[in-house]
Amino acid sequence: MSGRRRVGIFAGGRSAEHEVSIASAEAILRAIDRNRYEPFLVYIDPAGGWHLPAGPAPQLAADDSLARQLGVETIAEHSTRLDRGETLPALASPDADLQAPAAARSVATTIDVAFLAIHGPYGEDGTLQGFLELAGIPYTGAGVLASAVAMDKVVFKDLMRGHGLPVVDYAAVLLPAWRRDPAGIAGDLVARIGPQLVVKPARLGSSVGMSLAHEPSELPGAIDEAFDWDDKVIVEAYLPDAREFECGVLGNDQPIVFGPGEVVSHHELYDYEAKYVPGLADVLPRAEVEPERAERLRELALAAYRAVDARGMARVDFLANDTGTFISEMNTIPGFTATSMFPKQAELAGISFTELVSRLLDLAAGEGSG
């Protein structure tokens, strides 16, 4: 069919969210309107190698999967290995040869617009966005600055606090300082924030490396675990009896807000396995919540979206209990997997998965409303 826009669907990447990205890309490949778009798969392997398309991506059979075609783990397989305590480095070697100039030239002559489905570092943090800016290729989602700010949980919370938006107490820990004085830093964190603390890598998503220190004696181990994934860690106050809400945001200059939805994890925390293995969490795109709190969540989601100067899409996550409602994180490339909240909320708003993909591509190209 002539006149179709050529879309490069970027999948994989160098972060621990590689498998999640493959699942998101598969859903996009299945949903994209092939009467309007010609999809090309741009795959980046875990070591940072680029696999550029020889031609348009074929339709996936119902009994096939993108992970199988690429020869990589599914989310369930990856989660099982992590559950056994096996890990992989979060990032490839920094001197991995990405062959960026050659890749930029090739991609720029092959596609008209990029649909970004790469989560985490080297995909959601502004680096890939900058690459596409240099190549002159429009892309879905937030720009370089907004992507980088939202990816770093410490910087994001600093910005939220600067705008007077509510966040729980938190502190950053850097690896060199931790190596010099772990006992002193741990004691200071407990004294400043509290005895129960949530610990996360600062620049990773999908709850990889996240844990709860139930008491001060567990804090050093939790911080060490987070440092397996990043050299910057965020330590946050644990919010007892908190409900986890999520609001999707769609648009550029006139964004609309979906939700709120709610996630009820069957694990103690909404961890990687609970997020992506069906049956381990209840993902409710329409939360049962009083109207006042629902409106408050939507207002905060929009305020956070505008504070970061996001575009295209984002999912804003919240924690709420009797003490208040707090902004937790922002994902500028939310998941598009079978268990993901963002496309479920869009569907409730009357936007099918196929239409959602089309809207995001139109927004990337500066077309359509929003």
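Trainee: What's the mean pLDDT of the chain?
Mentor: The model is predicted, and its mean pLDDT is 87. Of the residues in the chain, 85% reach 70 or more.

Trainee: And where does pLDDT stay under 50?
Mentor: Over residues 78-98. The model has 35 contacts beyond four places in sequence for that stretch.

Trainee: How should coordinates be read where pLDDT is low?
Mentor: Not in detail.

Trainee: Changing topic to strand β9. Why is β9 described as largely enclosed?
Mentor: Strand β9 covers residues 243-251, and seven of its nine residues are buried, so the rest of the structure largely encloses it. Buried here is under 20% relative accessible area.

Trainee: How many bridges join β9 to β13?
Mentor: Nine, and the two strands run antiparallel. β13 spans residues 312-321.

Trainee: Which residue of β13 is opposite Cys247?
Mentor: Val316.

Trainee: What about β11, parallel or antiparallel to β9?
Mentor: Antiparallel, with three bridges between β9 and β11. β11 is made of residues 261-265, and its Gly261 lies opposite Glu246.

Trainee: How many bridges join β9 to β10?
Mentor: Two, again with the strands antiparallel. β10 consists of residues 256-257.

Trainee: Which residue in β10 is the bridge partner of Val249?
Mentor: Val257.

Trainee: And how many residues sit between β9 and β10 in their hairpin?
Mentor: Four.

Trainee: So let me put the β9 pairings together.
Mentor: Go by partner strand: nine bridges to β13, three to β11 and two to β10.

Key
Residues numbered from 1 in each chain as written. Predicted model: local features only at pLDDT ≥ 70, side-chain atom pairs only at ≥ 80, totals over all residues. Heavy atoms only, no water. Buried < 20%, exposed > 50% of the residue type's maximum accessible area, 1.4 Å probe, protein only. Pairing = 2+ DSSP bridges. pLDDT = per-residue confidence, 0-100. Contact = heavy atoms within 4.5 Å.
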